[in-house]
Amino acid sequence: MTRYIIRRLLQAIPLLFFISVILFMLMRSTGDPVATMGGRRTVRSEDRARLSRLLGLDKPLYVQYVYWLIGNDWAKIDTDGDGVPETPGDRRGVLRGEFGKSLVSRGREAWDIIWERLPNTLLLMIPAEVIIILFSLAIGVYSALRQYTFTDHLITAGSFVGYSMPIFFIALVSMYVFAVNFKRWGLPYLPTIGMFDPQVGKTPSEVARHMVLPIFSMTLISIAGYSRFVRSTMLETISEDYIRTARAKGLQERVVLFVHALKNASLPLVTIVGLDIPLLLGGAIVTESIFAWPGMGRLFLDHVSRADTPVVMGILMLISVAVVLSQLVTDIVYAWLDPRIRYE
Amino acid sequence: MKQKLWQLLAALVVLTMLVPGLAGCATPTPQVVEKIVTQVVKETVKETVIVEGTPQVVEKEVTKVIEKEVTTVVEVEKVVTPTPEPVRKVATFAWTQEPDTLNPLYTNMWFSSIIQQLYNCWPWEFDDQNVPFPKLVTEIPSMENGGVSEDGLVVTLHLRDDIIWSDGTPLTSADFVFTYDMAMSEANTVSSQYPYYYLDTIEAPDERTVVMNFAEPFAPWLATFWKGLLPKHVLEPVFEAEGSIDEAEWNLAPTVGCGPFVFDVWESGSFIRFVKSEDYWLGEPKLDEIYYQFVPDDASQTAALVAGDADLGTFPPLSDVPILEAGGLEIITQNGGYAEGWFFNFRDMASPGARDVRVRQAIAMALDRDAINRDLLLGLTEPAETLWDGLAAYGYVSPDIEPWTYDPDAARQLLEEAGWTDTDGDGIREDADGNKLTLIHGTTIREIRQDAQAVTQQMLREVGIDLQILSFDADLFFESYSNGSPAALGEVDIMEWSDCTAFPDPDHYYWYCDEIPDDENPWGANYFGCDETLDELFARQIATINTEERTAIIQEITKYMHDQVYWLGLWVDPDYWIVGERLTGVKFSGVTPFYNIMEWDLK
């Protein structure tokens with residue numbers, strides 16, 4: 001197993017390098033970051049020329065990638081526009097721990113901008129993922145054990161409805177019902193936007209209150225989908241021979257279901273959750289935008305629309321590393337859950 | 001056992017909650033006071049009475065119940081009523097875009113520039129009629145008061161003597177010179193060096209005087225210079241230590257400012273908080289605090305405003321206007337000089353139709369712009385005739401312009417006269433050489449523009465013009481020539497976006513011939529073409545200081561561009577403000593929107 005882990009980690013290095021090249025090329029093709037700079041009018045031509053030169057955007061694409069990777073403090077840049085590079089660069093590059101400075105908030109380190117938002121995203125996504133897993137398991141198992149009953153049909157219908165609704169629809173409807181209209185009707189209501197009310201402060205209760213609607217919106221669709229998956233795998237498992245043997249040997253039904261059946265039925269769910277975990281870092285773009293939650297999803301959207309390569313590459317590489325590591329962890333967990341699986 | 005433990009814990013929790021409550025309910029120490037009270041007492045008195053049936057008069061003791069005032073000692077509870085704290089007036093503004101920086105030199109964002117009016121200052125501001133009034137200066141420089149030299153090469157600012165930064169440091173001419181130096185330093189990646197590069201030199205002969213020396217007369221100086229100042233005493237040490245102010249803390253936390261409010265905190269992704277400046281040299285604003293809460297989604301902004309979670313918003317989707325008004329909010333529009341229109345490409349690579357002025361004129365008559373405004377913009381705007389419509393009050397629009405009216409028959413006739421006929425009966429006209437009258441229309445992905453594309457495509461089809469519609473992300477559409485911008489390369493015949501002049505100045509720079517993009521100038525802004533007449537007119541107006549002469553030149557530009565249909569207006573694009581019920585005293589300017597923020601109050 002140790003050799004397997006080391007081999008996977010070594011394989012990840014060229015993989016991440018290849019991913020970074022692809023992502024960088026794609027990012028630099030999303031437009032000129034100094035074309036409008038978020039303004040209502042285009043930037044004047046002389047300013048675009050100056051900023052492109054100062055920010056290294058006038059260099060060929062492969063040179064920009066090299067600077068991103070290993071920095072430019074070994075090279076000189078032309079700051080005064082006379083065509084002669086005279087000023088040493090000040091970037092150290094990703095391989096030396098620097099993602100570069102944001103093209104939007106010029107002067108700020110891209111990693112600092114990302115690090116500000118990462119905890120907010122984890123605060124929202126981790127509880128959401130836990131709720132999704134718990135409720136999916138509960139509903140899926142319950143539905144499987146009551147196959148073709150009225151309850152099962154009700155859950156099935158609800159799952160189809162929930163799964164087919166777009167996230168922005170659920171988010172906006174829940175906001176209008178529980179925040180806007182409840183307030184209008186004099187009922188206890190939830191807040192519309194933000195992570196906390198700035199006038200109250202960032203207290204645990206305040207943040208928790210603001211988390212309710214975003215988490216509700218995110219989990220509804222996933223629970224609808226995952227519960228169907230759990231139901232399906234559970235039904236498959238409880239019809240296996242070893243389950244029949246366990247019952248024949250007189251084990252309690254609770255032990256048969258939750259020790260023998262559920263453990264095997266949850267193996268495919270482990271794979272799916274393993275794929276989900278790195279995506280937690282990316283946040284939920286739509287949910288965060290609608291509820292104005294200051295997370296990574298919104299950060300990504302704001303900066304990709306401004307073609308801010310350093311920040312966006314930082315986010316994407318973070319997720320890429322997380323995907324590679326989480327896949328490795330998933331494989332290890334899989335082997336632990338299922339003794340039949342062995343890695344060389 | 002477990003149950004008992006839980007019970008014990010619960011009891012402890014309850015006790016812990018009760019103790020503070022009990023402490024809060026404790027009996028106050030009584031006070032002993034003397035008090036005069038009226039008591040009902042029984043008193044035995046001697047009265048002289050006549051014995052019934054006899055003439056005898058005797059003294060008799062009689063007990064009577066009487067009221068008597070006595071001084072008594074009583075214990076009274078001393079009830080201390082705390083003096084209620086004054087309610088703080090806190091307003092929340094819903095902002096759909098988070099600023100990239102709070103340094104006025106480093107941003108091109110309208111959403112950032114507007115916020116700067118709370119904590120920064122301009123030497124003059126503009127009121128709700130977009131008329132300038134002095135702020136830091138004693139009077140607006142002009143030729144009449146000697147502030148502007150006869151040749152227009154020298155502009156002199158005389159500063160007030162009572163202006164200070166929020167830390168008490170006097171605001172002087174040195175801050176103006178420093179701002180100029182930072183804008184022009186190649187070590188700073190400022191968003192724009194315009195218009196500072198028009199200055200030949202800048203001088204500060206004393207603390208109250210700024211002398212701007214131009215190499216050539218620069219007429220737009222009043223509308224373009226000094227949109228925010230940098231505190232020299234804060235940023236100069238940073239520049240000297242680091243060689244640049246790119247990474248200055250002040251850029252994100254401008255704790256020293258010169259506006260009616262002082263920056264307090266910026267919670268990334270959430271809000272920025274400002275508190276009133278108690279040392280502001282013009283007095284204290286009525287609001288105590290302002291929060292700018294970032295709400296990136298339009299529907300969420302509407303929900304927050306209707307729910308009362310925000311007091312001010314901007315640029316709502318027009319379809320949400322009825323919802324907002326039903327929710328008790330007021331929609332205020334303010335002329336900011338912007339207008340949405342079609343820019344025509346008449347360069348050599350444009351299609352023959354786009355290069356034909358008669359085709360452009362036919363297009364102007366084939367579009368029912370009133371219907372577009374009525375149906376797509378819910379009648380909230382009106383057609384724009386020139387890019388200078390926002391300055392019509394200043395007299396810049398030629399009175400000789402005859403607005404284009406919707407007349408598809410006249411459009412067809414003009415196309416026939418121009419030689420464009422539908423010879424093959426497919427509904428699309430061709431010229432004598434068989435070239436189809438096909439024009440390519442490009443714009444950004446904003447929803448209203450895509451709706452307008454679909455509608456105008458249909459309208460032009462009715463007169464035999466084939467409009468092929470394309471849409472691009474803004475940063476791709478306006479990419480450089482060398483990186484394949486469709487607009488810069490001339491791959492589209494008609495480009496649509498919202499633009500304005502150097503409002504409230506009529507200057508514009510798009511149509512200069514040397515702005516046409518090519519390999520030597522990949523960022524050139526003239527995607528349209530070189531017209532020597534227009535080039536000469538624009539070059540002349542920017543250097544004409546005399547108001548009457550300059551107005552005449554601008555009128556000539558507006559008439560020429562209108563007749564040539566180099567720009568065809570679709571709708572006026574004002575600033576939209578959504579004002580909540582709580583806010584009072586609110587007025588907006590199209591140039592400095594928060595010019596009267598000191599008068600804003602909450603009910």
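A:K183 is partly exposed, with a relative accessible area of 29%, where partly exposed lies between buried, under 20% relative accessible area, and exposed, over 50% (1.4 Å probe, protein chains only). The model is predicted, so that local features need pLDDT of at least 70 and side-chain atom pairs count only at pLDDT 80 or more, whereas totals for chains, interfaces and linings use all residues. Side-chain values use heavy atoms, with hydrogens and water left out, residues are numbered from 1 along each chain as its sequence is written, and chains are lettered from A and ligands numbered from 1 in the order in which they are written.

The side chain of A:K183 meets that of B:D309 in a salt bridge (3.5 Å, N to O), a salt bridge being a side-chain nitrogen of Lys or Arg within 4 Å of a carboxyl oxygen of Asp or Glu. This pair crosses between chains, from B:D309 in the loop between helix 6 (298-306) and strand 12 (312-314) of chain B to A:K183 in helix 6 of chain A; helices (H or I, at least four residues) and strands (E, at least two) are DSSP runs, numbered from the N terminus. B:D309, at 26% relative accessibility, likewise counts as partly exposed.

The size of an interface is often given as the accessible area lost when the parts come together. Chain A and chain B bury about 5,200 Å² between them, 49% of it on carbon and sulfur atoms, buried area being the accessible area (1.4 Å probe) that two parts lose on being put together, summed over both. On the side of chain A, the residues that lose the most area to chain B are A:R40, A:R41 and A:R44, together 17% of what that side buries. The contact, defined by heavy atoms within 4.5 Å, takes 58 residues from chain A and 64 residues from chain B.

Eight salt bridges are found across the interface of chain A and chain B, and the side chains of A:R40 and B:D575 also meet in a salt bridge (3.0 Å, N to O). Between chain A and chain B, 34 residue pairs are in polar contact (both at pLDDT 80 or more), a polar contact being a pair of N or O atoms within 3.5 Å, of which, within protein, one must be able to donate a hydrogen and the other to accept it, while residues adjacent in sequence count only if both atoms are side-chain atoms. Helix 2 of chain A gives the most to the side of chain A that touches chain B, with ten residues.

Over all chains, the count comes to 42 salt bridges. Within chain B, B:E599 forms a salt bridge with B:K286, the closest N and O atoms being 3.4 Å apart, and this pair links distant parts of the chain, 313 residues apart. Both partners count as partly exposed, B:E599 at 42% relative accessibility and B:K286 at 40%. B:D563 forms a salt bridge with B:K559, with the closest N and O atoms 2.5 Å apart; because B:D563 and B:K559 are four residues apart in helix 15 (residues 547-564) of chain B, they are separated by about one helical turn.
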